Amino acid sequence: PRRGMRSYEPREPLILSVGEEDEVSIKDAALAVAEGMGYQGEVVFDTSKSDGQHKKTASNAKLMQLYPDFKFTPFTEAVRHTCAWLKENYETARK
């Protein structure tokens, strides 16, 4: 039988994170959301503020060991789907 993520029972956390090679910067994430929402204006980044944490890589080795065939949805596709869902459900989504 096929095991799903809902059947994971151990107490140790299971990190659901893409591999380091698929990480995206905050800038790229912001631009993807702007595009996904159809925003046509300029995206301005406040360079007077701290850059914050540059990177926090988490290992998904345990996830991939348990579910070797697991595939993450590509980032831009996931953002596009999420933005489409939000636009379609805006009035009933938690505000």
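## Terms and basis of the model

Helices are DSSP runs of H or I with at least four residues, numbered from the N terminus. This is a predicted model, in which local features need pLDDT of at least 70 and side-chain atom pairs count only at pLDDT 80 or more, while totals for chains, interfaces and linings use all residues. Residues are numbered from 1 along each chain as its sequence is written, and side-chain values use heavy atoms, with hydrogens and water left out.

## Helix 1 and what follows

Just after helix 1, Gly38 takes a positive phi of about 80°. Within helix 1, Ala32, Ala34 and Gly36 are buried, a term that means under 20% relative accessible area, with exposed meaning over 50% and partly exposed in between (1.4 Å probe, protein chains only). Helix 3 is included in what covers these buried residues.

## How helix 1 meets helix 3

Helix 1 (residues 26–36) packs against helix 3 (residues 75–89) at an angle of about 45°, and their axes are 9 Å apart; axes are lines fitted to C-alpha atoms, for helices over the stretch in contact, and angles run from 0 to 180 degrees between N-to-C directions.

On the side of helix 1, Asp28, Ala29, Ala32, Val33 and Gly36 meet Phe75, Val79, Cys83 and Lys87 of helix 3, where contact means heavy atoms within 4.5 Å.

## An aromatic pair

The structure holds one aromatic pair. The ring centres of Phe70 and Phe72 lie 4.9 Å apart with the planes at 85°, so the pair is edge-to-face (rings of Phe, Tyr and Trp, its six-membered ring, pair if their centres lie within 6.5 Å; planes under 30 degrees apart count as stacked, over 60 as edge-to-face and the rest as tilted). Phe70 is partly exposed, with a relative accessible area of 26%, and Phe72 is partly exposed at 32%.

Terms used. Helices (H or I, at least four residues) and strands (E, at least two) are DSSP runs, numbered from the N terminus.
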